[in-house]
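I opened this notebook to keep track of what I looked up, one entry at a time. My plan is to begin with the whole chain and then turn to single residues.

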Amino acid sequence: MSTKLHLAITAEGHVVEGMLTGGNVADISVADSIMESVSGCYVIEDKGYDSDKHRINLESNNNTPVIPGRKNRKKP
């Protein structure tokens with residue numbers, strides 16, 4: 001069985017939050033729980049975290065999401 005390590009880290013490389021999940025767990029399914037203690041930051045994530053709900057959650061904590069859109073995104 002494979003596993004994934006999900007981390008929220010600072011620009012300096014300090015771990016803020018982490019979670020270990022099964023390899024079949026989608027990144028977006030744990031994104032909000034990992035980022036709940038992060039506020040007032042630019043949050044850089046890959047396109048696996050691209051969802052309107054996640055962006056709204058980040059913005060509600062005074063964060064600026066920096067996430068490339070998936071190619072099938074309807075609203076850029």
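**Entry 1**

I began with the charged side chains, and I found 9 positive and 10 negative ones in the protein chain, with the centres of the two sets lying 12 Å apart. I note here that the model is a predicted one, so I write of computed values throughout.

Next I looked up the surface, and the protein chain exposes about 5400 Å², of which carbon and sulfur atoms supply 54%. Of the 76 residues, 26% count as buried.

For the overall dimensions, I found that the C-alpha trace spans about 35 × 30 × 20 Å along its principal axes. I then asked what radius of gyration a compact globule with 76 residues would have. The value would be near 11 Å, and the protein chain has 13 Å, which agrees.

**Entry 2: helices and strands**

I looked up the secondary structure and found 2 helices and 4 strands in the protein chain. When I read along the sequence, the pattern was β-β-α-β-α-β. I also checked the contacts with a separation of 6 or more, and residues 24 or more positions apart account for 12% of them.

**Entry 3: the core**

Which residues make up the largest nonpolar core? I listed 8 residues in all, namely Ala8, Val30, Ile34, Met35, Val38, Val43, Leu58 and Ile67. Helix H1, which covers residues 28-35, gives the most to this core, with 3 residues.

Is Ile34 buried or exposed? Ile34 has a relative accessible area of 5%, and because buried means under 20%, Ile34 counts as buried. Leaving out residues up to four places away in sequence, I found that Ile34 touches His6, Leu7, Ala8, Glu17 and Met19. Glu17 is 17 residues from Ile34 along the chain, yet the C-alpha atoms of the two are separated by 5.9 Å.

Val38 was another core residue that I checked, and with the residues up to four places away again not counted, Val38 touches Val16, Val43, Asn61 and Asn63.

**Entry 4: Asp27**

I then moved to Asp27, which lies in the loop between strand E2 (15-22) and H1. Asp27 has a relative accessible area of 21% and is partly exposed. Leaving aside its neighbours within four places in sequence, I found Asp27 in contact with Lys4, His6 and Tyr49. I also looked up Asp27 and Pro65, which are 38 residues apart in sequence and 16 Å apart in space, C-alpha to C-alpha.

**Entry 5: Asn62**

Where does Asn62 lie? I found Asn62 in the loop between helix H2 (52-60) and strand E4 (64-66). Its phi is near 65°, which I wrote down as a positive value in a residue other than glycine. Asn62 is exposed, with a relative accessible area of 60%.

**Entry 6: Gly69**

Gly69 is partly exposed, with a relative accessible area of 40%. Not counting residues up to four places away in sequence, I found that Gly69 touches Lys47, Asp50 and Arg55. I also looked up Gly48, which is 21 residues from Gly69 along the chain, and the C-alpha atoms of these two glycines are separated by 8.9 Å.

How values were computed: Residues numbered from 1 in each chain as written. Predicted model: local features only at pLDDT ≥ 70, side-chain atom pairs only at ≥ 80, totals over all residues. Heavy atoms only, no water. Rg over C-alpha atoms; globule rule 2.2 N^0.38 Å. Buried < 20%, exposed > 50% of the residue type's maximum accessible area, 1.4 Å probe, protein only. Contact = heavy atoms within 4.5 Å. Areas by Shrake-Rupley, 256 points an atom, 1.4 Å probe, with all protein chains shown as cover. Lys, Arg positive; Asp, Glu negative; His and termini not counted. Charge placed at Lys NZ, Arg CZ, Asp CG, Glu CD. Core = buried A, V, L, I, M, F, W, Y, C linked by side-chain atoms within 4.5 Å.
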